[in-house]
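Take a look at the sequence and the structure below.

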Amino acid sequence: MPLPDGRRWMILPLCLGTLPAVAAPGIDAADAGTAVLALAAAAAVGAFAGRAALRRRRAADTENLAEAVERLARGELATAPTVSADGGLGPVAQALARMRGTLQAAAGARDYLNQVVTSLGDALLLTRPDGTIHWANPAAERLLGHAAAELKGRTLASLVPEAHQAGFSLADPRGRTRETVFRTAAGDEVPVSYSAAVIATADPALQGYVVSARNITERKLAEQRMRYLAQVDALTKVPNRMQFQHLLQRAIARARRGQHRLALIYLDVDRFKEINDTFGHSAGDTCLETLTTRLTRTLPPSAVVGRLAGDEFGVVLDGLDPARNLRAEVVGITRLVQEAVAEPVACQGHQVLMSVSAGIALYPADGNNVVDLIRNADAALYRAKRQGGGALEVYHSDMNAAAVDRLMLKSRLRKGLDQNELRVVYQPKIDLRDGSIAGAEALVRWELAGRGLLLPGEFIPLAEESPLILEVGEWVLDRVCRDYQQWQAGRARPGRIAVNLSLRQLKQRNFITRVHDIIRRHGIPPEALEFEITETTLMEDARRTVRILDELHAMGLALAIDDFGTGYSSLSALQQFPIGTLKIDQSFVRHATTSHDQATIVAMVVEMGHSLGKDVVAEGVEAEDQLRFLRALNCDYAQGLLFGPPMPADAYADLLADHRHGAGRYRPLFARG
Ligand code: C2E
Ligand code: MG
Ligand code: MG
């Protein structure tokens with residue numbers, strides 16, 4: 001590189017750098033020869049010294065790089081490797097820098113995942129294929145009260161208490177959410193919902209399950225409270241009508257098994273309306289509370305007391321002395337009750353006098369099932385009431401012409417089926433978001449010459465006593481499929497049609513095949529149908545029912561729990577069934593806007609249903625304030641007389657047409673909401 005004259009001699013020192021004293025500026029040109037020699041020598045020394053320095057730098061670079069590789073191996077990615085510019089190791093350093101970049105990106109993703117998993121509210125555990133835990137997130141530590149290190153090496157099953165072991169497993173081909181209980185480090189038992197997924201990898205070291213679990217204590221408590229509210233009369237705290245009937249049913253089953261007898265007593269306060277009118281409703285309430293206390297005090301401890309309606313009570317007397325005359329014993333006990341109730345009640349400064357009439361029916365003489373016993377106790381009570389008050393009657397067959405009627409009806413139904421006297425009507429199911437029609441429920445009717453239109457309550461229980469119900473059920477399904485075809489042919493969009501199923505149908509050996517055949521014969525898509533099954537039916541033979549419902553579900557049919565809230569199963573028990581819809585029983589909906597307890601039940605069912613991913617339908621919606629209440633709860637669908645009575649198939653087609661052309665009959669109700 002040419003330099004301005006006079007600076008030529010400065011090149012070497014600049015180049016060599018290490019020899020400043022040898023080539024100082026200002027050397028005289030006359031001494032050039034000596035200087036050249038000196039410079040040559042200096043250059044040689046300089047070159048030698050330069051190589052040595054380069055080697056030192058290279059050695060340092062190599063050491064730097066080795067350390068950088070070590071750091072990378074340890075996962076320390078913060079510092080970049082550095083090397084000198086002329087050491088020749090630049091490309092290696094660059095490759096290392098790229099590797100560090102890639103590792104940094106991977107570590108970033110890993111840290112991100114770690115953070116997500118750490119901040120998850122749900123417990124997450126990784127196990128080996130045999131269930132041995134090898135990793136747990138902080139939520140799992142919190143749930144179980146154990147540090148991750150303590151959990152490592154234990155099996156998940158070892159955290160499940162003995163009583164729940166049988167129902168616990170990780171493997172589940174359908175990956176369903178199930179429930180179990182974990183015992184925590186503190187010894188508490190925590191109910192959890194959990195799901196386990198197989199980790200599908202070829203690497204045996206990584207195989208096993210990823211298990212997520214969630215504490216459901218609060219939901220369980222809410223559920224218990226809901227069940228309590230649903231079963232107990234709010235004023236007197238004794239079982240309500242539905243719970244009483246359930247307890248009666250259980251008592252009958254026990255009596256049947258043990259071949260013993262029992263009695264059903266119906267009690268009705270005489271002229272209760274007068275008490276209410278004279279002393280006011282709160283005095284009336286006090287009287288009913290006092291009456292309940294006296295009943296439970298007077299009756300044997302094993303007796304069941306229930307409030308059936310305003311001033312009507314029921315008593316089941318069980319475990320009666322077989323050596324004694326049943327009738328005499330029950331009459332004696334009932335007399336004692338009547339005397340206890342007749343004591344004056346002190347109420348707001350008044351002495352109120354009460355009396356009760358009583359009707360008695362005995363098992364098995366006066367009926368061997370709930371329906372007959374209730375009807376006959378009621379017939380005896382009716383007879384007692386006519387005597388003016390404080391009377392008692394034991395059922396006698398001439399009190400009830402209905403029993404005869406029943407036998408007649410049962411034999412007539414066979415003929416009714418053959419003569420095509422059954423009808424199906426449809427009750428629309430309304431989408432609560434906008435008032436559109438989401439489908440309908442098919443309800444059977446019997447057009448009996450001379451008797452008019454009979455409701456299912458009058459003949460389905462009769463049909464259920466024999467295989468006749470199978471024919472009725474099949475006839476209904478067939479009718480629904482035909483109607484569906486008709487609607488489709490008329491270009492209507494009927495939505496999903498719900499069909500009620502009886503227990504006997506579910507128990508029918510070839511039920512699935514029969515259903516399959518019917519819907520295929522009519523070319524109906526299975527998704528167009530939903531089967532409604534009551535809670536009680538579901539729990540009858542749960543293991544078998546799960547299998548059948550799984551098959552129906554796999555066929556594409558939707559399934560709903562009918563009359564939800566009236567049974568005694570827990571939501572967790574119901575979770576084993578592939579059910580998409582909960583239908584809240586109309587008894588809760590009816591009083592939801594006037595009773596705080598009933599409102600709570602409806603709100604809880606909606607919330608719990610949603611938290612389990614189910615649609616919630618409210619039945620028996622009759623008034624606009626009920627509709628507003630349900631909409632405020634975000635309940636999904638409603639059925640009820642507010643939208644009109646159940647209608648024949650062609651009227652349903654008209655309704656659909658109405659809605660299709662924008663005239664939406666129900667829209668005004670929703671515009672006001
Ligand atoms: P469900 O399945 O709970 O049907 C609802 C019942 O409530 C129907 O009575 C319906 O007419 C009535 N309902 C609807 N909206 C209201 C309302 O706003 N207020 C009041 N008070 N009632 C309303 P229905 O038709 O008498 O049926 C009674 C029960 O008979 C049904 O209860 C169902 O369990 C059974 N059932 C009906 N059809 C069939 C059938 O084809 N097969 C079987 N196995 N059972 C059936
Ligand atoms: Mg139903
Ligand atoms: Mg129902």
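The model is predicted: local features need pLDDT of at least 70, side-chain atom pairs count only at pLDDT 80 or more, and totals for chains, interfaces and linings use all residues. Residues are numbered from 1 along each chain as its sequence is written, chains are lettered from A and ligands numbered from 1 in the order in which they are written, and side-chain values use heavy atoms, with hydrogens and water left out.

Start with ligand 1. It is surrounded by 20 residues, where being near takes a heavy atom within 4 Å. The closest are Arg445, Asp562, Gln586, Glu622 and Leu641. The strand β14 (437–448) supplies at least two residues of this shell, and so does β18 (558–564). Strands are DSSP runs of E with at least two residues, helices are runs of H or I with at least four, and both are numbered from the N terminus. The largest share of the shell, 4 residues, comes from β14.

Now look at polar contacts, pairs of N or O atoms within 3.5 Å. A polar side-chain atom of Glu622 lies 2.4 Å from a nitrogen atom of ligand 1. A polar backbone atom of Leu641 is 2.8 Å from an oxygen atom of the ligand. For Glu619, a side-chain N or O atom is 3.2 Å from a ligand oxygen.

Next comes the second largest pocket. A pocket is an open set of points on a 1 Å grid over the protein atoms alone, with protein on both sides within 12 Å along at least five of seven lines; a cavity is a set where a 1.4 Å probe fits but cannot get out; lining residues have an atom within 4 Å of a point. Of its 21 lining residues, Gly167, Arg178, Glu179, Ser572 and Gln576 are the closest to its centre. β3 gives the most to the lining, with 4 residues. Where does the pocket lie? It lies between domain 3 (120–215) and domain 5 (405–672), because both give residues to its lining. The domain bounds come from an automatic or database domain assignment.

Last, the cavities. The structure holds 5 of 30 Å³ or more. α15 (468–489), β16 (496–500) and α17 (511–521) each supply at least two of the lining residues.

Note on methods:
Polar contact = N/O pair within 3.5 Å; in protein donor to acceptor, adjacent residues only side chain to side chain. Points joined across faces, edges and corners; volume = space filled by probe spheres on them.
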